[in-house]
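Take a look at the sequence and the structure below.

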Amino acid sequence: MEIKATLNKPFDQFQKNDFIITNNRQLGYEIRETIEALEAWGLTDEEKLIEAKANKQQENINACNNKRYNQSFTIELQEDKLCEFDTSEQTQRDLLTAGGVTSRDLTYQGWICNNGTEINLTEEDIQAIFQQFFMMVSPLYAIEKRYSDAIEACTTVEEVNAIELNYEINEDIEPVENEV
């Protein structure tokens with residue numbers, strides 16, 4: 001942090017209040033009183049850039065996770081049964097559990113899909129579901145990395161703020177080109 005403004009003593013209450021309102025409430029600076037003055041302390045340009053990058057990186061992670069865990073897909077399994085699944089963490093855990101059962105040549109009885117379809121899952125079904133799942137979420141890792149690299153390459157807060165995160169994926173499961 002660095003001193004952004006100073007009000008040297010002596011000063012009256014009106015000057016003190018005006019200094020505090022201007023520098024703290026309007027500009028967001030931290031006010032410190034010393035023996036000689038009131039000081040308004042604020043972030044350096046480097047600290048602002050570090051903070052902006054950290055905030056944008058967190059926004060990137062959140063946007064990627066939101067997309068990663070909030071998709072759904074329909075897949076045809078066993079004799080033309082259309083089954084809807086989502087990519088939530090809970091569904092992933094449930095499918096891993098079912099996969100443990102089916103890997104022992106057993107069938108997971110009575111799985112209810114998101115669209116209400118009941119199915120007895122086999123190992124082949126679980127593999128097909130995970131294949132579809134990974135086709136949907138795998139491109140998101142590349143998009144997240146691309147944005148992360150672009151954020152780290154920024155040299156100003158304005159450049160960081162200009163990055164617009166877009167996690168939409170076209171029909172070919174490729175990232176949509178986005179200027180970063």
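Cys83 is buried, at a relative accessible area of 0%. Cys113 is buried too, with a value of 4%. Here, buried means under 20% relative accessible area, exposed means over 50%, and partly exposed lies in between (1.4 Å probe, protein chains only).

How many disulfides does the structure hold? It holds zero. Cys83 is in no disulfide, and its nearest cysteine sulfur, in Cys113, is 3.4 Å away. That distance is too far for a bond, because a disulfide is a pair of cysteine sulfur atoms within 2.5 Å.

## How the model is read

This is a predicted model: local features need pLDDT of at least 70, side-chain atom pairs count only at pLDDT 80 or more, and totals for chains, interfaces and linings use all residues. Residues are numbered from 1 along each chain as its sequence is written, and side-chain values use heavy atoms, with hydrogens and water left out.

## Helix 3 against helix 4

Helix 3 covers residues 89-102, and helix 4 covers residues 123-153. Helices are DSSP runs (H or I, at least four residues), numbered from the N terminus. The two pack at an angle of about 150°, with their axes 9 Å apart. Axes are lines fitted to C-alpha atoms, for helices over the stretch in contact, and angles run from 0 to 180 degrees between N-to-C directions. Helix 3 and helix 4 are therefore roughly antiparallel, a term for angles over 145 degrees.

Which residues make the contact? Helix 3 gives Gln92, Leu95, Leu96, Ala98, Gly99 and Thr102. Helix 4 gives Glu123, Ile126, Ile129, Phe130 and Phe133. Contact means heavy atoms within 4.5 Å. These residues divide into seven nonpolar, three polar and one charged. Ala, Val, Leu, Ile, Met, Phe, Trp, Tyr, Cys and Pro count as nonpolar; Asp, Glu, Lys and Arg count as charged; the others, Gly among them, count as polar.

Ala128 is found in helix 4. Is Ala128 buried or partly exposed? At 24% relative accessibility, Ala128 counts as partly exposed. Ala128 touches Ile75 and Leu77, leaving aside residues up to four places away in sequence. Asp80 is 48 residues from Ala128 along the chain, and their C-alpha atoms are separated by 14 Å.

Asp149 also has its place in helix 4. Asp149 is partly exposed, with a relative accessible area of 39%. Met136 is 13 residues from Asp149 along the chain, and their C-alpha atoms are separated by 22 Å.

Conventions: Angles under 35 degrees count as roughly parallel, over 145 as roughly antiparallel, 65 to 115 as roughly perpendicular and the rest as oblique.
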